[in-house]
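The exercises below are meant to be worked through with the sequence and the model side by side. Please try each task before reading its solution.

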Amino acid sequence: MPKKIIPLCIFFIFCFSLCSAFEIRALWVTPWNLTTKEQIDELVNDAVQSNQTEILAEVRYRADALYIPNKMSSQYSNPEPRYENLTNPDFDPLQYLLEIAHANTLEVQAWLTVFCVTPTKKEILSSNYIYQNHQDWILTDNYGNKMNPAKYSGYFIDPGNPEVRNYLINVILDLVDNYPELDGIHLDYIRYPDRQFGYNSIYFKQLSEEAVNGIQGNDWRKEQITEFLRVLRSKAKSVNPRILITAAVIANVQEAEIDYAQDWINWLNQGIIDRAYPMAYVKKYGNFYRLLSEIGELTPADSVVIGLRAWQDNYPKIDYPAEQIIEKANLVRQTGFAGMAMFNYDSLKKTGMLPLLANALWPRQEFDLFAYADDEFLTQITTSYRYYNYTAADTLMATEQRRQKSVEMVADPPDNSVREAGSAYCDYVSYQNEQYYFTFFFPSPGKWSWEIIDLQNSLIYKKHGFFPQGFYIDVWNGVTKTQEPISPGIYTLFIKDEHGNLSGEKKFIFK
C-alpha cells in the first residue's frame with residue numbers, strides 16, 4: 001500500500017467519527033427577523049457562512065403565529081391570529097424557512113413562548129385572542145391582584161388550569177401536525193412568572209390546608225408544568241415520532257425551581273424533554289463557570305446546549321465585547337456540553353459580531369489532505385482542533401491552501417522533561433485561520449495568567465482570568481500589546497498562578 005494511503009484512511013475514519021460527536025451551534029431568531037423572504041434568505045445565508053447547525057425561530061411570540069394556523073388540517077384547534085407585522089396574508093414564514101434551511105443542512109426548531117401570552121404594548125391587546133376571550137385564565141398573585149404585564153414581559157396564563165393546558169397543547173400540536181418537516185418544538189417561558197403566583201388558583205385551593213404553605217405548595221406548581229410537558233410530549237410524539245421537544249430554561253437550578261417552578265433537571269433526567277437550553281446570560285466569567293459546573297454535575301451534558309449572552313445593553317455602544325463571548329464559548333466546549341446557542345441573531349447582526357465569532361469559534365475546515373499526509377496533521381487534528389466538527393462535505397472539499405504562518409515548539413530541556421505535580425503547562429500551540437491556539441493544562445480551577453516574552457525580556461502579550469481545571473484551549477489573534485502583529489522569532493510563554501508565581505513555561509518559534 002502506498003505510504004500516503006495509511007494515514008489518509010485513518011483520517012477519513014477519524015473525520016466520520018467526529019460527525020457522530022456533533023456540536024450544536026444555534027441562533028435564537030426573533031419574529032422581527034422572520035417577516036419577509038428577504039430577511040429569511042439573509043438569515044440562512046448568515047447561518048451557513050458562520051457554520052451554524054440550527055435555527056431556533058420564534059414563530060409564536062405572544063399567542064400569535066408566524067405560520068398559518070390549521071394550514072392543512074384543523075384536527076387541533078388553533079384560533080391564534082397572525083403576527084402583527086406580517087403584511088402579506090399569504091406568506092408562511094415558517095414553511096419558507098423550513099424549505100431553504102433544510103436545503104442548506106440547517107435544522108429548524110419552532111421557538112414558542114408558552115405561558116406568557118400578551119405583548120406589553122396595550123394598543124395591540126385588542127387583537128390578542130386570549131386577552132379578549134379568556135381573561136379568567138390570567139394569573140393573579142397570592143392576594144388576588146392581576147399581574148403587572150410590564151414587569152413580566154406580558155400577562156401569563158395559569159399553568160394549573162386544565163383548560164389552559166389543553167388549549168396550549170392543541171396550539172402546539174397544530175404546528176406538529178401541519179409542519180411535519182419541523183425538527184423540534186422549542187419551548188420558552190415554560191414556567192410561572194415569579195414565586196408569588198399560582199397559589200391563588202382555584203385548583204390549588206382545592207388542596208388540603210396542609211399543602212397550602214411551604215415547599216408542598218411549590219411542589220404542586222412544579223407538577224403543573226411537568227404534567228403539561230408529559231402530556232405534550234406523549235401527544236406530539238404520537239403525531240410525529242421524530243420531533244424533538246426542547247426547552248429554554250433558567251440556568252440557575254435553584255432559582256428555576258423555587259422562583260419559577262421550572263424543574264428542568266428532572267425533565268431531562270426523566271426524558272420528559274429531549275434537550276435543555278439553559279440561558280446562562282451572566283457577564284462575569286467566574287459566575288458563568290460556577291453555573292456550568294453545577295449544571296454539569298446534575299445533568300447528562302450531551303443533552304444540554306448552553307445559551308450564551310450575545311447582546312448589548314446600550315447599543316450602539318459595545319459594552320459586551322466578542323472576546324468575552326468567545327471565552328465563555330470555549331469553556332462550554334471544555335466542559336463537554338452538546339453545544340451552544342447565541343441570544344440573539346438580531347443583536348449579532350446589528351453589531352456585526354457574527355463573522356468575528358464565526359472566525360474564532362466555528363471556522364469551516366477544508367484541508368489539502370495529501371499535503372498533510374506525511375506531517376503531523378493527524379496529531380494536530382486530534383489535539384488542538386478536537387473541539388471543531390467536520391462534516392463529510394467539509395472533508396471531501398479539501399481545497400483551502402495551507403497557511404504560510406506556523407508555530408514550532410522548542411523541545412523541553414532534559415531537566416524539564418518531567419513536569420512537577422500540580423503545575424500548569426502549555427501542551428501545544430498551533431496556527432489556524434489567522435488565530436493562534438494554545439492548549440493549556442491547569443491543575444485546579446482559579447485565577448491564572450499567561451504571558452509571552454521575547455528574547456529581550458519584553459512583554460509582548462498578557463492575559464489573565466478565571467480558568468477551569470484540566471485542558472483548556474485559548475485563542476490569541478497574534479496582536480501584541482502595542483497593537484502590532486507578532487514578528488517572527490523565539491518567544492517564551494509563562495503561566496503564573498493568582499499570586500504571580502511561575503507555574504510553567506514553554507519556548508516557541510513563531511515563523
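**Exercise 1.** Which side chain meets that of lysine 349 in a salt bridge?

Solution. Before starting, keep in mind that this is a predicted model, in which local features need pLDDT of at least 70 and side-chain atom pairs count only at pLDDT 80 or more, while totals for chains, interfaces and linings use all residues. Residues are numbered from 1 along each chain as its sequence is written, and side-chain values use heavy atoms, with hydrogens and water left out.

Step one is the criterion: a salt bridge is a side-chain nitrogen of Lys or Arg within 4 Å of a carboxyl oxygen of Asp or Glu. Step two is the partner, which is glutamate 42, at 2.8 Å from N to O. Step three places the two residues: lysine 349 belongs to helix 12 (residues 345–351) and glutamate 42 to helix 2 (residues 37–49), so this pair ties together parts that are 307 residues apart in sequence. Helices (H or I, at least four residues) and strands (E, at least two) are DSSP runs, numbered from the N terminus.

**Exercise 2.** Is arginine 60 buried or exposed?

Solution. Buried means under 20% relative accessible area, exposed over 50%, and partly exposed in between (1.4 Å probe, protein chains only). Arginine 60 is buried, as is glutamate 80. These two form a salt bridge whose closest N and O atoms are 2.5 Å apart. Arginine 60 sits in strand 2 (residues 54–60), whereas glutamate 80 is in the loop between strand 2 and helix 3 (93–103), 20 residues apart. By contrast, lysine 349 is partly exposed at 34%, and glutamate 42 is partly exposed at 40%.

**Exercise 3.** With which residue does aspartate 183 meet in a salt bridge?

Solution. The partner is arginine 242, at 2.9 Å from N to O. Aspartate 183 lies in the loop between helix 5 (162–178) and strand 4 (184–188), and arginine 242 in the loop between helix 7 (215–239) and strand 5 (244–250), so the pair ties together parts that are 59 residues apart in sequence. Aspartate 183 counts as buried at 10% relative accessibility, while arginine 242, at 44%, counts as partly exposed.

**Exercise 4.** In what order do the 8 strands close into a barrel?

Solution. The order is 1-2-3-4-5-6-7-8, and the pairing is parallel, where two strands pair if DSSP finds at least two bridges between them. As one case, strand 6 (residues 275–280) and strand 7 (residues 305–309) pair over 2 bridges, and alanine 280 has leucine 308 in strand 7 as its bridge partner.
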